[in-house]
Amino acid sequence: MTQFVLPTPTAKRRFDSSDANWWRQAVVYQIYPRSFQDSNGDGIGDFQGIISRIDYLAKLGIDAVWLSPFYPSQLADGGYDVDDYRDVDPRIGTLEDFDELATKLHERGIRIIIDIVPNHTSNRHQMFKEAIAAGPGSPERDRYIFRDGRGEHGELPPSDWESTFGGRAWTQVDDGQWYYHFFAREQPDLNWHNPEVKEEFLETLRFWSDRGVDGFRIDVAHGLAKDLPEILPTQEQLDALPHDGKHPLWDRDDVQDIYATWREVFNSYDPPRTAVAEAWVHPDRIPRYANPQSLGQAFNFDLLKANFDAGEFRQIVTHNLKLAKASGSSSTWVLNNHDVVRHPTRYGLPPSKHTAGSVLDNEPGPESEWLLSGGEHPHLDREKGARRAQAATAFMLALPGSAYIYQGEELGLHEVVEIMPAERQDPTYFRTQATQIGRDGCRVPIPWTQARPAFGFSTAQAHLPQPDWFANFSVETEEADSGSFLHFYRAALAWRAAMEGDETLQWCEDLCTNDVLAFKRPGGWVCVTNFGAEPIELAHAASEGDASLNADNVVLSTQPLPDTPAARAVQIPGETTVWLRAAQ
């Protein structure tokens, strides 16, 4: 059995509240607040619950927490339908609770990042209520995207565009006009040509920055700027248009004018507030969002979408480090988030073009058919998936740049499929007539103990059902097992903190093959990942005098290594990552 050992003394980056570059190499832990920890027994996670788990977060070894939306919301889309950007959903807490959380995280050396959702509001937001009340042609209605309908009496929507959640992308209001919503009908898209919209969000950024927020994750960052022609294209024509900076809806060049004004706000603070873009754009356009005049950093989702394959991983790393250099930013590495199938499950399934199972990449594949069935996939190999997940995570954490991990991945949680139709919450499931499963399976509240009713998450039933097998993946269970996912993550993050901050990587060409990737980092660090099923031996490298590639310099291995005399070659099992460090 693998036993994961922390460095002695345990390495930890020194927390410097004045460090303007803390984000470049940060490990950020994403919390989905409704599903992290409930403190008041209503089955919904809250701020006081997060506060009660700060010791756990600090022991894990993270640098920052990213909070998914916690604003007042009707939860038509998991909180991404925001009623008020400068308040807290009373089910999650109060502004005073938020202030307490931010203060206590900072006291433990953990920064705080929050989600900003600027592409749309909810249909209960005060601005939208005013737009409906004011009527067609009013300044209030100009804050959103309203159009007259087609047909003799305007009874048809302005175009045949479809929402990503299924159904029409236009909804009619009582006076006959239609408003556009790329997501759910409860999420009307904003008109970012309107100066009042621009000022609303500048004020929101200041509001939270003044409360101690260190950074912002920008939802659908590539969608704000829109330029809809008078005669709208059909959905087929829209889909055929190139994403070259002039598309009517997506990744327009002029979205950067918006972020230039945001950057002025960020830079007015000391240290400057950070931002990371969720921008699903062609990789070559990522630097537009990640440069210092814009948001400063952008998510790289390529590893998240890749199969467990050495060639894919190498191409992705090489390309994204090149993009980061071009923008002057650092890359971000992500294997999980609140929108995708958890990675032990992905890696345990047969390879697929759509392995990630993202709602944004939702063409049906074999894995989506299984998820819809609610049963065990005939080809899911859970042990292989877990083995590959650890290997991929260790590979990712050794890379230069920042790393984002999603709550529960440190426990090795698989996707939850045991959710009945009546228990589901994701609008994708309902608005596609159950042809797409949605994202509930990765949003199930995480298990803290082995005990029912909610495995320590709550004293009540959780808002999404937790399966019986969660007991074996609880924090309580894994704390007692030195070979668990939890101990692996703690050890990997502690060793990562000991790595040099230099953002360079050098491939070890003599070790890289179709199934093996190896790279060096400054300070004598070497990461070797065997993506194949068969074991490999590093004998030829040792013979070339590379002192770091022998058994006594292994500091972390995701699977048990065969007993090897010190200073001898390292034998690496299949689907395993090893970190080695030369004696300093």
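Mentor: The buried residues of helix H4 pack against strand S4 (146-147), strand S6 (178-180) and helix H5 (195-210), where packing rests on contacts, that is, heavy atoms within 4.5 Å, and the elements are DSSP runs numbered from the N terminus (helices H or I, at least four residues; strands E, at least two). This is a predicted model, in which local features need pLDDT of at least 70 and side-chain atom pairs pLDDT 80 or more, while totals for chains, interfaces and linings use all residues. Residues are numbered from 1 along each chain as its sequence is written, and side-chain values use heavy atoms, leaving out hydrogens and water.

H4 itself spans residues 126-134, and Met 127, Phe 128 and Ala 131 are buried in it (under 20% relative accessible area with a 1.4 Å probe, protein chains only; exposed is over 50%, partly exposed in between). Because these three cover an arc of only 95° around the axis, they lie on the same side of H4, the arc being that of the directions from the helix axis to the C-beta atoms. After H4 comes Gly 135, with a positive phi near 90°.

Beyond its neighbours within four places in sequence, Trp 208 touches residues including Phe 70, Tyr 71, Arg 86, Asp 87, Ile 114 and Phe 216.
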